Amino acid sequence: MTRSRQETLALRKQLIGSSCRLFFPEDPVKIVKAKNQYMYDEHGNEYLDCINNVAHVGHCHPEVVKAAHQQNLLLNTNSRYLHDNLVDYAQRLSKTLPEKLCMFYFLNSGSEANDLALRLARQYTKHEDVMVVEHAYHGHLTSLIDISPYKFRNLGGQKEWVHVAPLPDIYRGIYREDHTDPALAYANEVKTVIDQAHEKGRKFAAFFMESLPSVAGQIIPPFGYFQKVAEHIHKAGGVFVADEIQVGFGRVGKHFWAFQLQGEDFIPDIVTMGKPIGNGHPVACVATTKEIAEAFSSTGVEYFNTFGGNPVSCAIGITVLDIIEKERLQAHALQVGSFLMDLLNQQKAKHALIGDIRGAGLFIGVDLVQNQEKRSPATTEAEFIITRLKEEFIMLSTDGPGRNVLKFKPPLCFNARDARLVVEKLDQILSDLEKGNT
């Protein structure tokens, strides 16, 4: 049975909760197929996908599909039985991480991973409180909505055990690119929040942060910030959790993990992974130290996740790592990302609407502003641009508190030709906007 787009939309409105939103709600796209960095609608129109970081090595990669199928033919069960895939996968991941991050827990989603990280931190430190940065988003479970200002500001508000530090944004934040040492200044704000909490008798379990904040507007924290924050949170008795769910696995180009952009002397206590880890298959992971894992085990309470670490998920995870290596996707992300940044910076020099270009590898934000000096978010213009790009069969979306940052997080097979095409179309649309031809 083939339904029209309108019939599918009508059924969706009838059956699916309206809080589950669509891209382009006024004119949604019906996607029926995808391959590499391209998606196809029911009429066979090809869309260039600039936003699906979940399809990390490319949509429907044949080797991922094959690995899932072959393991499904043999066995798929829980991790209470011995199976080589589980330990092989943990071993492969361990080789990408600093030596002390040597204990692994497998789960099904980034939200599950961050929820477990919260439990690990609390058990290890025997403290309750958590610090996050403004506009942070760490997942959709109740425990994570509570530590996600991006969500709780619009819901039940801030819990007593949650503390919020300023976002280390050197373009729009309280300390900007002209500050002599923004990393130190932003880290001192964390110290201030800790001191204020201690005055109220609060004790910290963890500082949670995305290694590169995404929904906050594709933010690149100043170099050295994590080390200084880790020093403060450790002195306060807490641990540092690096949320790599959006940005890990070679996306940033120079390194396999985005936290490594801060320098070799920074090692988090817990790393959470999700989204790209399974290329669209629901897989997630938490990596931590032996000390933290042993403290978690000391309760005597088993940690069991029915589907976490099942043979099929692990086979897929291993294959994703193989593809990243074999197709040199980390180096590709660096090369194509640098090329895209150069093209975008040329547009910045040409169009006053572009206030800032920031990024690492294939994680890039284009901050659109109404006024270069005031840096006021160009929200309406950003929405107009992504709608126009969709008409040109290019999928791009916006993020940031002002919904004014064009975000690039494409599959890593996104290439230089794709970069040229997007920027060429963006140039045309920006020129039309400036001429009033909308």
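In this predicted model, strand 4 gives the most to the lining of the second largest pocket, namely three residues. Strand 4 spans 103–107, and helix 3 (84–94) likewise supplies at least two residues of that lining. The residues around this pocket are S79, R80, L86, A90, F104, Y105, F106, E302, Y303, F304, N305 and G308. Sorted by class, seven of the lining residues are nonpolar, three are polar and two are charged. The volume of the second largest pocket is about 280 Å³.

The largest pocket has a volume of about 2000 Å³. Its lining is made up of 50 residues, and R21, L22, F23, Y150 and K407 are the ones closest to its centre. Several elements contribute at least two residues each to this lining: helix 1 (5–15), helix 4 (110–125), helix 6 (149–152), helix 12 (379–391) and strand 15 (397–399). Helix 1 has the largest share, with four residues. By class, the lining of the largest pocket holds 20 nonpolar, 17 polar and 13 charged residues.

An open sheet is formed by four strands in the order 1-2-3-14, with mixed pairing. Its edges are strand 1 (31–35) and strand 14 (394–395), each of which pairs on one side only. Strand 1 runs antiparallel to strand 2 (residues 38–41), and four bridges join the two. Within this pairing, I31 has D41 in strand 2 as its bridge partner.

Strand 5 (residues 129–133) and strand 6 run parallel and are also joined by four bridges. Here V130 stands opposite V162 of strand 6. Strand 6 covers residues 162–165; V162 and V164 point one way from it, H163 and A165 point the other way, and all of these residues are buried.

That leaves the cysteines. How many disulfides does a search of the whole structure find? The search finds zero. C314 is in no disulfide, as the nearest cysteine sulfur, that of C285, is 9.0 Å away, whereas a disulfide needs the two sulfur atoms within 2.5 Å. Is C314 buried or exposed? C314 counts as buried because its relative accessibility is 2%, and the cut-off for buried is under 20%. C20 has a relative accessibility of 45% and therefore counts as partly exposed.

Key: Residues are numbered from 1 along each chain as its sequence is written. This is a predicted model: local features need pLDDT of at least 70, side-chain atom pairs count only at pLDDT 80 or more; totals for chains, interfaces and linings use all residues. Side-chain values use heavy atoms; hydrogens and water are left out. Buried means under 20% relative accessible area, exposed over 50%, partly exposed in between (1.4 Å probe, protein chains only). Two strands pair if DSSP finds at least two bridges between them. On a 1 Å grid over the protein atoms alone, a cavity is a set of points where a 1.4 Å probe fits but cannot get out, and a pocket is an open set with protein on both sides within 12 Å along at least five of seven lines; lining residues have an atom within 4 Å of a point. Grid points are joined across faces, edges and corners, and a volume is the space filled by probe spheres set on the points. Ala, Val, Leu, Ile, Met, Phe, Trp, Tyr, Cys and Pro count as nonpolar, Asp, Glu, Lys and Arg as charged, and the others, Gly among them, as polar.
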